[in-house]
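Me: I have a structure to go through with you. Can we take it piece by piece?
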Amino acid sequence: MSDPYLLLGITPDADDNAVYAAYLAAVKACPPERDARRFESLRAAYEALRTRRARLAQALFDQTPPMLADILDQADPVGAPRRPDREQFNKLLRGEA
Amino acid sequence: MKKPHKAAAAPKAPTPDDLLTAAQGQIAAGRYREAISTCKDLLKIENRQEWRQTLACAYAGRARELAAKGMTKEALTVWENRTQIAPELPADLDYLTLLLRLGRISQAVALGVLAGDRLDPAALTALRSQLAAHYLAGKAEVAAGLAADDPILVQGVAAAQALDAYCAGDDAALGAALAAIPFRSPYRDLAQILKALQRPPAAAHEALELLARVDDASGFAPLRRACESALGPPQTLTERLADAGEATRRFAMTLAGWGEQRQAIWDEARRAGNLEPKTLLRLLHRHRALLGETWARRQGLRLLVAGFPKSAGWIKDSGGPQLSAEERLLIAAWRAEQNERSGNDLDAWDAYAQHLMKDRIPEPGTDDALRVALVLRRVDSHRDLLSHLVPDDDPFVPTASLAEAVESSLQFDPDDRDSYERLVRFYLRGPDLKSARRLLDLGLARFPADVGLLTAAMDVALAADAHKKAARYAREILALDPINTGARERLVKSHLAHARKQLKACRLDLASKELEQAAEWEPAWDRGGRLRERRVLLSALLELQADAARGASVLGAQVQAMGGGMAAALALALEGAAIGRAAAGLLKTAGLGKAAVADQADLTAVLSRLRTYLDEEAGAELAPELRRLFEKPLSAAARWPLSQPESENACETLRRAALEQARLAFAEAALKRWPGVPIFELHRFEAGLAGRRGNPAAREIDRLAEAGERARESGDQRTAHRIGECLAEYSPFGHFGRSPFFPFNDEDEDEDEDGMGFDPLGGDLNDALRAFIEVVGVDGVLKAAGVGAKERSTFKDIERQLGHETMINVLITMLGSQLPNLLDGLPPGFLPTPGPAPKPSRPGRKPGKPTGRSKAPQTPDDDDPEQFDLF
């Protein structure tokens, strides 16, 4: 995922405090010792959005083309695991692939 | 008449044993179609039961083969052939599985019941789990073919309750239902799967372990596979589902937390078959309401950069509105930035900034103003140019426009402190002190207590020889940051420099005041007391100027306190030179007229002092007078046994100071101790050539070339490169500078040449030189350049190998560096007036300024005494 807003789970109108709070929450949920790569991504996203000047610069100068994952996350972020319904079970019980 | 040929013997018919062996071999090799044919031949001989069973085996193999290819109907026909040919054999599990998959439940149940105990236990267990899975999925035909007390029916109630409870999220009911399913139940695999799904997301590995217990032949295996896909790492979910069917995909995505919209968009992208920009643009446009119009549009612009301007039409093709003028300018700037070599980025960003201000000039402090400021300083902030460029020194970067853009940005964002300092440092490098001061005034007005800006202000003052002002800034810095050692040192140096200035002007009282102030600020950490030493020497020189007799005594005492050796002599000579006093006279006065390097410690000290001087006076060589004074005693000091690194350092320091005789002595002494060491060979070669006319002897060049080879073999690439550079000057192409066939790589130059066509001198001059070479001939040009017969022969060999056209290009390249010399020797009218300038030097290298290795003769100073007078 390349969009720092999506990574931190914030909207483009977030201010300094909102960015900081989102960063803290994200690091708490995924501390560096658990996933160092994700932590690096979070850190980079935070640096890219930390100040008003940085956020404006990010909007003006970021040229990273979106990936499908970005579009999917913007449209409908992955949520908590959900339980499939009975019909979904039945299809697999009937041997459908 | 010809004799009739003897009739050829008829081929011997295979025996039944041969056919049976062949059929068994074909089955073992997986060649089922051939095996079926062979078995049929066998059965034509005799309808034996064991031969029919061999054919049945071949049919089974072929049926499995067809089923694996998805040819289920064909597979079913083959299975039926198997049943007909060997009805005594029980139905195969794969056959029954196929029947179930094709919905022929009753037939499968009947055959299964018929097979009963004749199936092996594993196959029977698998069959019953498949029947259980179908029963649970609502297939009533299963119940019709089974006894009322069959566990599939009896325990099916608990299994269905468990499944319903799981789907409803009722974990208590799920637990109760699972408890009612016995261990040896046909629903055992379902129980394992539901238990795995109850594990929390953090315990995914435990869940996967439970799932691994479900066998591939089980009727619940498809469910297991879907669960395994869902529980793996989220970032690779789509990779795991790449070949999965619809049912598995939907199940796994739901379980992994994918919402309906996410699944739908992913499906849409999958159907498109690629993730190219055009596909993503279509997705962005189609789902723009869900994604947000602004977000979707901005991401769409980013997809156009790589193919811009051709890609401009894609956005319309995807259904979106055409690009606006602002969007076009923005994408053009992004594109120019990605293609830095084009050199268009400054213009492109400027055009975008102008567009942003087209309707009205934004008020500082607003987002619009900040945007304009960021755009104006984008090229500098992105490429970090102002930190090292020198005003108007780099023809590839329009430094004036760049600095102007950054300065303009301050109108819109006056709070960007870094831009003030970057600009001040940039102008200071020029030096363009007037511009530097203008920016300093603006910056300090906004940030009066900023240490960085105050330091820049002090540097500007020092550059202008405004020592009082520099001292004032240093005091301000130290008031804000008392442990700022750099400022303290600069302040002391500033006072010392000012004292020298006053001494030179014979204003002794003012010089004395400066020295007092220098003493006041002398840092306690001053390594080796160098600053203190300089101050004391200057004080002694002041005394000497005020009262020659007393001064001579003070000076003598001071140099004795410093050891009285060569290091003290060099320190005194350097200070004397700085105030315009002839060093030779001063040394005599101080009693150092016959000084020599006293011992190894003195040698180490004098080299260290020399290094410090060269570091501080960046780019400076030792003054010619000092070189004459110190060359001989330093050469004599080469006898002291230094370590190899010390010897290397000594040679390097002497090279920087242009003390070539001493450098030669040290290099030769080192080569006696460490024969053949490449770096000393290089120093010996270079120092030996200094001041000598003509080219080195061939054996000298060969010796250096061998040293270069040794350096490369031992991995000392730096020395190998230096030797290569040196050799290039004496190669057969030396008349023109560096050879185009030079074997050592120079990455910087490669980079410079990348992407450029052959046009080293600019179009007009290039054409003129080409015409000149065509007329005069390659050999004629070489003769005109003074190339010898042997070397011209080398050129001819090269021409034969590379072709005439390439040879001309090579000559044009080489002639570029020697053009002025050649032009002198040409008849008038041969060449037009040069148009474009030749390719300029790289950034940071000042044209015409001699480097530390320059062998240009120094202007002799007739007034200087010979060193023999002194030592």
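Me: How much of chain B is buried?
Reply: Buried residues are 37% of the 871 residues in chain B. Buried means 20 or more other C-beta atoms, placed from the backbone, within 10 Å of a residue's own. This is a predicted model, where local features need pLDDT of at least 70 and side-chain atom pairs count only at pLDDT 80 or more, while totals for chains, interfaces and linings use all residues. Residues are numbered from 1 along each chain as its sequence is written, with chains lettered from A and ligands numbered from 1 in the order in which they are written.

Me: How many helices and strands in chain B?
Reply: 48 helices and zero strands. These are DSSP runs numbered from the N terminus: H or I of at least four residues for helices, E of at least two for strands.

Me: What's in the largest nonpolar core?
Reply: It has 142 residues, and Val424(B), Leu570(B), Leu572(B), Ala573(B) and Phe666(B) have the most contacts inside it. Such a core is a set of buried Ala, Val, Leu, Ile, Met, Phe, Trp, Tyr and Cys residues joined through C-beta atoms within 7 Å.

Me: Which helix gives the largest share of this core?
Reply: Helix α35 of chain B, residues 566–578, with 10 residues.

Me: Switching to the interface. How many residues does the contact take from each chain?
Reply: 34 from chain A and 55 from chain B. Contact means C-beta atoms, placed from the backbone, within 7 Å.

Me: Which element gives the largest share on the chain A side?
Reply: α6(A), with seven residues.

Definitions and conventions:
Contact = placed C-beta atoms within 7 Å. Buried ≥ 20, exposed ≤ 12 C-beta atoms within 10 Å, placed from the backbone.
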